Structures are given as structure tokens and as C-alpha cells.
Amino acid sequence: MLNHLSNGIFYLLAAIPIALCIVLVVISLKFILGKKADITFFNTFNELMWLIVVISILLITGIIEAIIGGTFGVTSILDGSSVVSLTLLSEGITPATLLNILLFIPYGFFSVLVFKKIKSRQIYGILIGFLFTSIIETIQLFTGRFFQLDDIIMNTLGTYIGVLLGKKLLDLKRK
């Protein structure tokens with residue numbers, strides 16, 4: 001578990017400069033297009049953090065490496081190197097299960113702070129987590145990695161916990 005955490009921290013640090021560049025481009029475009037109202041420290045910080053989380057998740061799951069490294073393709077499905085597991089918690093609650101939940105809590109938390117629709121309807125928070133993790137798991141089929149139903153459920157649960165925490169923070173901020 002310690003190895004996974006250290007890898008996660010490495011990927012998190014690697015995501016920061018990428019996210020900073022993207023945020024600078026977005027701020028520049030907002031400024032050019034005259035959307036100055038959106039350029040507040042709170043909004044910009046949350047957008048940066050959300051991007052860092054998304055990029056970190058894509059690095060941790062190997063999606064970026066597979067696409068850039070060229071291991072993305074249908075051959076992993078055809079030759080049987082991809083594995084699909086539709087069983088639920090067959091190994092019980094493992095450290096990997098807990099890490100899947102923890103990985104997506106920041107995603108849900110910052111999604112609430114970035115996307116206005118999630119603030120008013122929690123179902124959007126659940127859907128954004130479910131869709132993002134389903135896309136990741138599906139892409140992993142094409143990279144020779146595991147597609148696990150457990151991951152989708154745990155990641156969605158982590159997103160939902162993050163959404164609840166983000167909504168609590170917004171409620172405290174309003175008061």
C-alpha cells in the first residue's frame with residue numbers, strides 16, 4: 001500500500017506543471033473572450049486542483065502512458081491479455097479497494113466546486129464519477145489492463161463522498 005501511495009504522490013507532482021499550463025491557457029482565453037467574472041482566485045484555484053486530480057488519475061491508471069506510449073489498441077482484447085472482472089468484492093475490502101475510494105474523493109470534491117450543476121443536484125456528481133471511471137475502465141480494456149466492476153463502484157463511491165464534502169464546504173462558505 002505504501003508503494004501505491006508513493007507512486008500516487010509522484011504522479012500528483014507530475015500533474016502539477018501540466019495542469020498549470022492548461023489553467024494559464026484557459027485564463028488567457030477567458031480574458032480574451034471577456035469572461036473576467038469567472039477569473040477569481042477561488043474559481044481558478046478549484047479549476048487548477050480539479051485538473052491536477054484528473055491528470056493524476058489518468059497517470060495513475062496508465063491511460064496517458066498507454067495513449068502516448070502506443071499500447072492502446074484492440075489487440076489486447078483480441079489476444080486475451082485484457083481481463084474483465086464483473087465480480088463484486090470477491091477478495092473483500094482490500095487496500096486497493098480503499099485506495100480506489102480515496103483516489104476519487106478529491107475528484108468529487110473539486111467537481112462540486114468547479115461545476116455549478118453538481119452544486120444543485122447530487123445525482124450529477126454521482127454520474128460524473130460513474131462516467132469518468134467507466135471511461136477509464138473501458139480504455140483499460142484496450143491497454144491490456146484490468147476492467148473491474150469493483151473499481152467502477154468504489155471510484156463512484158469515492159466521487160460521491162467527495163461531492164458530499166464539497167457541498168458541506170460550500171454550505172459553510174455561504175454561512
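Which backbone oxygen does the side chain of Thr-138 reach? Select Thr-138 and look for Ser-134: the side chain of Thr-138 comes to 2.8 Å from the backbone oxygen of Ser-134.

Before going on, note that this is a predicted model, where local features need pLDDT of at least 70, side-chain atom pairs count only at pLDDT 80 or more, and totals for chains, interfaces and linings use all residues. Residues are numbered from 1 along each chain as its sequence is written, and side-chain values use heavy atoms, leaving out hydrogens and water.

Stay with Thr-138, which sits in helix 7 (residues 122-141). Its relative accessibility is 35%, so Thr-138 counts as partly exposed (between 20% and 50% relative accessible area, with a 1.4 Å probe and protein chains only).

Next, show helix 5 (residues 95-114) together with helix 7; their axes lie 10 Å apart at an angle of about 135 degrees. To see the contact (heavy atoms within 4.5 Å), pick Phe-104, Tyr-107 and Ser-111 of helix 5 with Ile-128, Gly-129, Phe-132, Thr-133 and Ile-136 of helix 7. By type, these residues are 5 nonpolar, 3 polar and no charged.

Finally, move to Asp-150 in helix 8 (residues 149-174). Is Asp-150 buried or exposed? Asp-150 is buried, at 14% relative accessible area (the cut-off is under 20%). Select Thr-87, Leu-88, Leu-89 and Ser-90 to see what Asp-150 touches, residues up to four places away in sequence not counted.

Definitions and conventions. Helix = DSSP H or I, 4+ residues; strand = E, 2+ residues; numbered from the N terminus. Polar contact = N/O pair within 3.5 Å; in protein donor to acceptor, adjacent residues only side chain to side chain. Axes fitted to C-alpha atoms, helices over the stretch in contact; angles between N-to-C directions. Nonpolar A, V, L, I, M, F, W, Y, C, P; charged D, E, K, R; others polar.
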